[in-house]
Amino acid sequence: MLKIADWGLARGYHPRANQRLTGGVITLWYRPQELLLGARKYGAEADMWSVGCLVAEIALRDALLKGDSEAVQLDMIHQFLGSPTGAIKEKFDRLPNSQKVTVSRTYPPGGNKAQRLSRIREPEFTALAESLLCMDGETRPTAAQALTMPVFSTTGAPEALQPDALEAFTVKDIHEFDVKEQVRGRLL
């Protein structure tokens with residue numbers, strides 16, 4: 001059982017409602033490109049990008065894309081996946097923030113994703129991360145599709161610990177807006 005939650009920037013959502021949403025959701029390091037560019041209509045595919053970032057982070061034991069602003073985060077995504085081209089670029093160019101949040105460089109197709117994910121020792125984790133870290137949200141696997149991937153059915157996997165057997169640790173409570181304030185303070 002794996003449960004992941006970050007309610008710090010959560011908003012109400014119903015998949016069949018034709019509602020305009022805010023782009024100001026999902027902690028910056030886990031926010032997909034479409035939200036960085038201001039998409040107001042999105043669904044669980046945005047969360048699946050975040051899960052892909054977390055899968056890679058768990059396997060690598062380090063956060064994958066550690067931007068400190070939306071522009072830097074977008075640049076890191078392009079370095080990782082390569083610059084968008086064709087229909088996906090046209091789709092992104094129509095989003096509200098496409099002229100505000102820009103990337104100054106063009107990166108080759110495929111970016112450095114293969115190199116970065118090659119440090120993951122388990123090929124099943126690599127396959128899961130690669131599938132979820134897809135630039136086009138419409139082609140990202142759903143949670144149900146992701147659960148059919150080999151990583152969830154590989155035999156010989158270590159037995160899970162019970163929650164009360166997990167080592168307790170403390171993490172300083174920090175919010176994305178606090179980080180931005182700290183960065184802003186250093187610049188002044």
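Which backbone oxygen does the side chain of Arg140 reach at 3.4 Å? The oxygen belongs to Met135. Before going further, please keep in mind that this is a predicted model, in which local features need pLDDT of at least 70 and side-chain atom pairs count only at pLDDT 80 or more, while totals for chains, interfaces and linings use all residues. Residues are numbered from 1 along each chain as its sequence is written, and side-chain values use heavy atoms, with hydrogens and water left out.

You can find Arg140 in the loop between helix H6 (123-132) and helix H7 (143-146). Helices here are DSSP runs of H or I with at least four residues, numbered from the N terminus. Arg140 is buried, with a relative accessible area of 5%. For this label, buried means under 20% relative accessible area, exposed means over 50%, and partly exposed lies in between (1.4 Å probe, protein chains only).

If we leave aside neighbours within four places in sequence, the residues in contact with Arg140 include Pro32, Trp49, Cys134 and Gln145. Contact means heavy atoms within 4.5 Å.

Arg140 has a charged partner as well. Side chains of opposite charge can pair when their charged atoms come close. Here the side chains of Glu34 and Arg140 meet in a salt bridge, 2.8 Å from N to O. Since Glu34 lies in helix H1 (residues 33-36) and Arg140 in the loop between H6 and H7, the pair ties together parts that are 106 residues apart in sequence. Both Glu34 and Arg140 are buried.

**Salt bridges across the structure**

How many salt bridges does a search of the whole structure find? The search finds six. A salt bridge is a side-chain nitrogen of Lys or Arg within 4 Å of a carboxyl oxygen of Asp or Glu.

| Pair | N to O distance |
|---|---|
| Glu34 and Arg140 | 2.8 Å |
| Asp62 and Lys66 | 3.0 Å |
| Lys89 and Asp93 | 2.9 Å |

Asp62 counts as partly exposed at 35% relative accessibility, and Lys66 is also partly exposed, at 39%. Lys89 and Asp93 are four residues apart in helix H4 (residues 86-93), so about one helical turn separates them. An α-helix has 3.6 residues a turn, so residues three or four places apart point the same way. Lys89 is partly exposed with a relative accessible area of 37%, and Asp93 is partly exposed with 39%. Elsewhere, salt bridges that share partners join Lys91, Asp136 and Glu138 into one network.

**How the helices pack**

Helix H3 (residues 70-81) has 12 residues and reaches 16 Å from its first C-alpha to its last, close to the 16 Å expected at 1.5 Å a residue. That expected span is 1.5 Å times one less than the number of residues. Among the buried residues of H3 are Leu74, Ile77, Phe80 and Leu81. The partners that the buried residues of H3 pack against are H1, H2 and H5.

Ala59 is found in helix H2 and is buried, with a relative accessible area of 13%. Ala59 and Arg119 are 60 residues apart in sequence, and their C-alpha atoms are 8.6 Å apart in space. Leaving aside neighbours within four places in sequence, Ala59 is in contact with Ile120 and Phe125.

**Positive phi angles**

Most residues other than glycine have a negative phi, and most peptide bonds are trans. In this model, Ile26 has a positive phi near 70°. Ile26 sits in the segment before H1 and is buried, with a relative accessible area of 15%. Arg61 also has a positive phi, near 65°. Is Arg61 buried or exposed? Arg61 counts as exposed, at 65% relative accessibility, and is found in the loop between H2 and H3. Just after H3, Gly82 takes a positive phi of about 95°.

Definitions and conventions: Helices (H or I, at least four residues) and strands (E, at least two) are DSSP runs, numbered from the N terminus. A polar contact is a pair of N or O atoms within 3.5 Å; within protein, one must be able to donate a hydrogen and the other to accept it, and residues adjacent in sequence count only if both atoms are side-chain atoms.
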